[in-house]
Amino acid sequence: MDTDDLPVGRILNRREVMQVFGAALLVGSGDRTINQLAQVAGVQLPPCVVRPEQTEGPFFSDVELDRSDIRTEPSTGVVVSGVPLRLTFQVSRIGDQECAPLPGAKVDLWQCDAAGQYSAFRDRGAGGDLRGQKFLRGYQVTDDDGTARFTTIYPGWYRGRAVHIHFKIRTQVEQSGAHEFTSQLYFDDALTDEVHARSPYAVRGVRRTRNSNDGIFRRTGDQLLLALTPDSEGYQATFGIGLDLSDSGASRGRR
């Protein structure tokens, strides 16, 4: 059974949000989400914020590629074309009234290319057999600061889904066993329109599925939007995520 919108751990309560963003931010905020409040404040959500888990989807393959730059196809050395995206994960462990960097967590990343195809699978719709290939896949282990860095590309699109990137975080903490968290990252539709109007994306034509009509995004995707900023080559983003790895918190996730 998919756990598309299952939060793992705890969401910051009103008092904690006030401590992070300031009481003035919450005046007249009503029922807006924490992510919306952060956008109003013009700040990045802190790594202590718990994110919602979403479905793994059909295209995960545990290829065991330890690499930061996932753009290359290992069998040929060819670099996948697309607008560069530098993505930094800041992974934290949430405990009783504390939030600390989580070192030693394995962060997997996988996504489609500019043509909407995933490596390691046969795409009957596009007519391509990409089994045996491993482009746009890889993992990094978080350092002492809980940081894992990747260089990838802005993803393309395929029928039925909003533009997204998949990620999985796996870790073993003390004697409590292995913990696994799986979710997806999303992009602002207006920015995607700009990027997809460029080569090599433009040959695919205009996508039909936007965030607003993607069933998976509509559940909890607003808490998984990347805040991208331009850099010298493309874009960069930092994504903070807090994991509750206690027995009570992990019991709501998958092991």
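This note sets out numbered points on a predicted model of one protein chain.

1. Basis of the model. Residues are numbered from 1 along each chain as its sequence is written, and side-chain values use heavy atoms, with hydrogens and water left out. Because the model is predicted, local features need pLDDT of at least 70 and side-chain atom pairs count only at pLDDT 80 or more, while totals for chains, interfaces and linings use all residues.

2. Overall content. The chain has 5 helices and 13 strands (DSSP runs of H or I, at least four residues, for helices and of E, at least two, for strands, numbered from the N terminus). Of its 255 residues, 50% are buried (buried means under 20% relative accessible area, exposed over 50%, and partly exposed in between, with a 1.4 Å probe and protein chains only).

3. An open sheet. Strands E8, E5, E10 and E11 form an open sheet in that order, with antiparallel pairing (two strands pair if DSSP finds at least two bridges between them). E8 (137–141) and E11 (178–186) stand at the edges with a single partner strand each, so one side of each has no neighbour in the sheet. Within this sheet, E5 (residues 106–110) and E8 are joined over 5 bridges, and Leu 109 stands opposite Gly 138 in E8.

4. Arg 161. This residue is found in the loop between E9 (147–153) and E10 (164–172). Arg 161 is buried, with a relative accessible area of 12%. Its side chain makes polar contacts with the side chains of Gln 184, at 2.9 Å, and Tyr 186, at 3.1 Å (a polar contact is a pair of N or O atoms within 3.5 Å; within protein, one must be able to donate a hydrogen and the other to accept it, and residues adjacent in sequence count only if both atoms are side-chain atoms).

5. Aromatic pairs. The structure holds 13 aromatic pairs (rings of Phe, Tyr and Trp, the last by its six-membered ring, pair if their centres lie within 6.5 Å; planes under 30 degrees apart count as stacked, over 60 as edge-to-face and the rest as tilted). The rings of Phe 59 and Tyr 158 have centres 6.3 Å apart and planes at 85 degrees, so this pair is edge-to-face. Phe 59 is partly exposed at 23% relative accessible area, whereas Tyr 158 is buried at 17%.

6. A second pair. Tyr 186 and Phe 217 are also edge-to-face, at 5.0 Å centre to centre and 80 degrees between the planes. Tyr 186 belongs to strand E11 and Phe 217 to helix H4 (residues 215–220), 31 residues apart. Both residues are buried.
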